[in-house]
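Subject: Structure handover

Hello,

Here is the structure you are taking over. My notes on it follow below.

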Amino acid sequence: EAGEVFRAMLDARLTPTQVTYGTLIARAGTWRQPRLATAYYKDMQRRGIEPDTLTHNSLINAFAKAHDLEKALAVAAAMRRRGLTPTTVTYNTLLDGCARARNLTLAAATLAELRAAGLAPSERTYSIMIHLCARTGRLDGAFGWLRRMERSGLTPNAVTYSTLIHGCGRAAQLSRAFPLLEQMEAAGLPPNVVTYTSLIDALCRGGEVARAVALLRTMLERSIEPNAITCNALFNGCLQHGEVLLAREVLSYMTSAGIAPSAHSFTTLLHAAASRRRLTATPHTERGGATKSGAAFALLLRQLAAAASRPPQAAAAPGE
């Protein structure tokens, strides 16, 4: 829509301003279209309009979101050559690009530049560093940044806590995940669907699927609606750990809530069924075990297929 407005503006022989171009470049960044953002950046200069700091920050963001860290850094360098001073937003946008590229070395260098410029890390700065460390498996580093953030007097937000919880799950460190939930609630930050999804995923990765299902019930009791990511993570976790009955409970909830199973859920079910058949087909298995197991999975597969095409009904929590 922004592009159409811009064309209409030119057709009406109206002169675009720095604000006009800044808005267009920012929108192109949101759409992850760095080429379009660059085209606007060049066009404004062709018309004699000098890009300001905000414009450069928007262009850096466009490249950062497109995972093109090299060009994001090049824009920052061009910005300095124009005599423009990078701001905290500039450095945070570059840090976000480093996090998307999982480049801890460049992130450390960018952070050093921020401090050398006499700027203080903001809440977003710390959150990005926590996210980067958690994503790259450096959980101790992520907790270190959390402590630095708190010592600086800044308060982590729900996204920061959820990122750390997710990192704990991926690192199979559940003992560090739930204290974060308590810390979050003590800070007056109510857990949201992202927080609970991170915890459920962590529990499933740790094999504690019954506890994960109980956490889904807690979500519903607190009127926090699970989304497709929550339910599919829980459903897949149940299957991966052989909890077919719990998987059926979760699938029943998904059906009633109108949440469609993902393609990955079908694949997980098929893998689980094949694995169970191999296990029940051993000489030490009770006679008929393989048949019963196969029937159970066949029923679950039929339910899964039906859930993918059934219209939503009144949702009921698992176990109700």
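Among contacts in the protein chain between residues at least 6 apart in sequence, what percentage join residues at least 24 apart? The figure is 63%, where contact means heavy atoms within 4.5 Å.

Some ground rules come before the rest. This is a predicted model, in which local features need pLDDT of at least 70 and side-chain atom pairs count only at pLDDT 80 or more, while totals for chains, interfaces and linings use all residues. Residues are numbered from 1 along each chain as its sequence is written, and side-chain values use heavy atoms, with hydrogens and water left out.

Overall make-up

The protein chain has 17 helices and zero strands; helices (H or I, at least four residues) and strands (E, at least two) are DSSP runs, numbered from the N terminus. Of its 320 residues, 45% are buried, meaning under 20% relative accessible area, with exposed over 50% and partly exposed in between (1.4 Å probe, protein chains only).

The cores

A nonpolar core here is a set of buried Ala, Val, Leu, Ile, Met, Phe, Trp, Tyr and Cys residues joined through side-chain atoms within 4.5 Å. The largest one has 58 residues, and Leu164, Leu180, Ile200, Leu234 and Cys238 have the most contacts inside it. Helix H8 (residues 123–135) supplies the largest share of this core, seven residues. Not counting residues up to four places away in sequence, Ile200 touches Ala212, Leu215, Leu216, Met219, Thr230 and Leu234.

A second, separate core has 17 residues, including Leu24, Ala28, Ile60 and Ala72. Ile60 lies in helix H4 (residues 53–65). Ile60 counts as buried because its relative accessibility is 0%. Leaving aside neighbours within four places in sequence, Ile60 is in contact with Ala72, Val75, Ala76, Thr90, Thr93 and Leu94. Ile60 and Gly29 are 31 residues apart in sequence, and their C-alpha atoms are 8.5 Å apart in space.

Helix H15

Helix H15 (residues 244–257) has 14 residues. From its first C-alpha to its last it reaches 20 Å, close to the 20 Å expected at 1.5 Å a residue; the expected span is 1.5 Å times one less than the number of residues. Its buried residues include Val244, Leu246, Tyr253 and Met254. Gly258 follows H15 and has a positive phi, near 75°.

Charges over rings

The charged end of Arg148 sits over the ring of Trp145, 4.3 Å from its centre. The charged end of Arg211 sits over the ring of Phe178, 4.2 Å from its centre. The criterion is NZ of Lys or CZ of Arg within 6 Å of the ring centre and within 35 degrees of the ring normal.

Regards
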